[in-house]
Amino acid sequence: MKKITLLVFMIAVSFGLQSQISTPAASPSSTLIQKVGLTDVTVEYSRPSMRGRTIFGDLVPYDKLWRTGANARTKITFSENVKIGGQELKAGSYAIFTKPGASSWEVIFYTDYNGGGTPSDWDESKVAAKTTAQVQNLPFEVETFTISIDGLSDNAATLGMFWSDAYVGVKFDVPTDKAVTSSIEKVMKGPDANDYYAAAVYYMNSGKDINKAKEWMDKAMSMTEKPAFWQLRQQSLIYAKAGDKKQAIETAKKSLAAAEAAGNDDYIKMNKDSLKEWGAM
């Protein structure tokens, strides 16, 4: 009986020690981060190796859905809307599924990127974009599955997939020109109402040139069709700090009326308190 108990104890200890041993993953995880133009692109995937196996048409069957890697689903994230095969892909994260063929692959961007392997119930409504990429046969073998982002330009790049003797590349376009052109047009037009307003409030709160703050706030309000009660509140405070009590009182009354119309008790109280302080109530 003692011998059996000792044997059980030794087995338990052995398993306990084994559970604390770290070993390399068969398909190590990898993260690829690349900026394309002004768009951040991140790919998270696991990288299986050939290890003497025939890959396409065998380990990875032709014309069947593949998770495009190992372990968890391969995930790609775009910080901006992009275009793939003429289709717009909204900013966000997607699983990359593929159907490898001998001469071409179908590449699918799927909104459900969580989980491992391919979905047990494929939902076509979750297909955000799909395209076909031609297979290029390599003059050498790539031992470990690799995803790349190459062919970089300001407005596009190519998502590449290498394994065994096959390479496929999917070009995607990023909205760099649209963003830069919009930025240039905005700057060339000069500051807008929000820019003047933010600068004025910052100058007042930071104890900087209050007359400059007043100038900017007046400019902001002149460019605003219907100033909000919180904007008028800041304008009244700037007037008061600049020593223009008459304008401060007049503007505070406008802010009070707008706050009452909006039912905002906080701004009603703040305006009433200021008007009392300035001798208007």
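Helix H3 (residues 193–205) and helix H5 (residues 229–241) have axes that approach within 11 Å and cross at roughly 45 degrees. The model is a predicted one, in which local features need pLDDT of at least 70, side-chain atom pairs count only at pLDDT 80 or more, and totals for chains, interfaces and linings use all residues. Residues are numbered from 1 along each chain as its sequence is written, and side-chain values use heavy atoms, with hydrogens and water left out.

**Helix packing**

Two packed helices are described by the angle between their axes and the distance between the axes. Axes here are lines fitted to C-alpha atoms, for helices over the stretch in contact, and angles run from 0 to 180 degrees between N-to-C directions. Helices (H or I, at least four residues) and strands (E, at least two) are DSSP runs, numbered from the N terminus.

H3 and H5 are therefore oblique to each other; angles under 35 degrees count as roughly parallel, over 145 as roughly antiparallel, 65 to 115 as roughly perpendicular and the rest as oblique. The crossing of these two helices, H3 and H5, is left-handed, a term used if the near helix is turned anticlockwise from the far one by less than a right angle. On the H3 side, Tyr-197, Ala-200, Val-201 and Met-204 meet Trp-230, Gln-231, Gln-234, Leu-237, Ile-238 and Lys-241 of H5, where contact means heavy atoms within 4.5 Å. The residues of this H3 with H5 contact comprise 7 nonpolar, 2 polar and 1 charged. In this division Ala, Val, Leu, Ile, Met, Phe, Trp, Tyr, Cys and Pro count as nonpolar, Asp, Glu, Lys and Arg as charged, and the others, Gly among them, as polar.

A further pair is formed by H6 (residues 245–262) and H7 (residues 265–277), with axes that come within 9 Å and cross at roughly 155 degrees. H6 and H7 are therefore roughly antiparallel to each other, and the crossing of H6 and H7 is left-handed. H6 contributes Ile-249, Ala-252, Lys-253, Ser-255, Leu-256, Ala-259 and Glu-260 to the contact, and H7 contributes Tyr-267, Ile-268, Asn-271, Lys-272 and Leu-275. The residues of the contact of H6 with H7 divide into 7 nonpolar, 2 polar and 3 charged.

| Helix pair | Axes come within | Crossing angle |
|---|---|---|
| H3 and H5 | 11 Å | roughly 45 degrees |
| H6 and H7 | 9 Å | roughly 155 degrees |

**Individual residues**

Thr-251 also belongs to helix H6. Thr-251 is buried, with a relative accessible area of 4%; buried means under 20% relative accessible area, exposed over 50%, and partly exposed in between (1.4 Å probe, protein chains only). Apart from neighbours within four places in sequence, Thr-251 is in contact with Leu-232, Gln-235, Ser-236 and Tyr-239.

The loop between strand S2 (39–46) and strand S3 (75–78) holds Arg-51, which has a positive phi of about 50 degrees although it is not a glycine. Arg-51 is exposed, with a relative accessible area of 52%. Asp-63 lies in the loop between S2 and S3, and its phi is near 60 degrees, a positive value in a residue other than glycine. Asp-63 is exposed, with a relative accessible area of 61%.

**The chain as a whole**

The chain has 7 helices and 10 strands. Its radius of gyration is 31 Å, well over the 19 Å that the globule rule gives for 281 residues, so the chain is more spread out than a compact globule. The radius is taken over C-alpha atoms, and the globule rule is 2.2 Å times the number of residues to the power 0.38. Along the principal axes, the C-alpha atoms fill a box of roughly 90 × 65 × 35 Å. Of the 281 residues, 36% count as buried.
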